[in-house]
Amino acid sequence: MRIRAEKPDDSAAISALICAAFEHAPHRSGTEAAIVAALRHAQALTVSLVAELNHELVGHVAFSPVTISDAKAGWFGLGPLAVHPDCQRQGIAARLVKAGLQELVAIEAGGCVVLGDPDYYSRFGFVADAGLRYGDVPVQYFQRLVLAGKAPSGSVAYHSSFDVAATS
């Protein structure tokens, strides 16, 4: 398996992969693929990586800019993160996350936030921080990872492409 940057001709395969990965997920919105397409269209996919196995895409991760009310620019949101159902629990998602975080370090990002399972994302160094707020999400599920500088505080807003969830 190899991790590589998304190519322009990957978009249809990425969309199909995301739909398959989230089809039965209890936390799905049904708009995950549309969010990635909107981020791509807005040129807001700062990092978009795929996992390829036998010339087939089996995983994808997106990182896009976020704003934090009391912080300077340079923070990003992780997600969606998708692995084909036939390939889950094989470490593919972890490899995608690690590779994506390395890309953020390379561009000197301040940090990254994620909305997800604290038990899963803590392995990468993400921690809950009561100083960061994302709507009414319980503190333990909204986590941050400082890559450079100090931990910010304030309200977090994802790129407007995530609003597709509200209009679909």
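**Entry 1: Glu52 and its partners**

I began with the side chain of Glu52, which is joined to that of Arg2 by a polar contact of 2.8 Å. I keep in mind that this is a predicted model. A polar contact also links the side chains of Glu52 and Arg4, at 3.3 Å. I then looked up where Glu52 sits and found it in strand E2, residues 47-53. Is Glu52 buried or exposed? Its relative accessibility is 14%, so I noted Glu52 as buried, the limit being under 20%. Setting aside neighbours within four places in sequence, I listed Met1, Arg2, Arg4 and Leu57 as the residues in contact with Glu52.

**Entry 2: aromatic pairs**

Next I turned to the rings. How many aromatic pairs are there? I noted a count of seven, taking ring centres within 6.5 Å as a pair. One of them is Tyr121 with Phe126, edge-to-face, with 6.0 Å centre to centre and 80° between the planes. Tyr121 is buried at 10% relative accessible area, and Phe126 is buried at 2%.

I also looked at Tyr134 and Tyr158. Why is this pair edge-to-face? The ring centres are 5.1 Å apart and the planes stand at 70°, so the pair falls over the 60 degrees needed. Tyr134 lies in the loop between strand E7 (132-133) and strand E8 (142-146), while Tyr158 belongs to strand E9 (residues 154-158), so the pair ties together parts 24 residues apart in sequence. I have Tyr134 down as partly exposed, at 26% relative accessibility, and Tyr158 as buried, at 14% relative accessible area.

**Entry 3: a cluster**

Last, I returned to Tyr121 and Phe126, which form one aromatic cluster together with Tyr120 and Phe124.

Key. Residues are numbered from 1 along each chain as its sequence is written. Side-chain values use heavy atoms; hydrogens and water are left out. Rings of Phe, Tyr and Trp (its six-membered ring) pair if their centres lie within 6.5 Å; planes under 30 degrees apart count as stacked, over 60 as edge-to-face and the rest as tilted. Buried means under 20% relative accessible area, exposed over 50%, partly exposed in between (1.4 Å probe, protein chains only). Helices (H or I, at least four residues) and strands (E, at least two) are DSSP runs, numbered from the N terminus. A polar contact is a pair of N or O atoms within 3.5 Å; within protein, one must be able to donate a hydrogen and the other to accept it, and residues adjacent in sequence count only if both atoms are side-chain atoms. Contact means heavy atoms within 4.5 Å.
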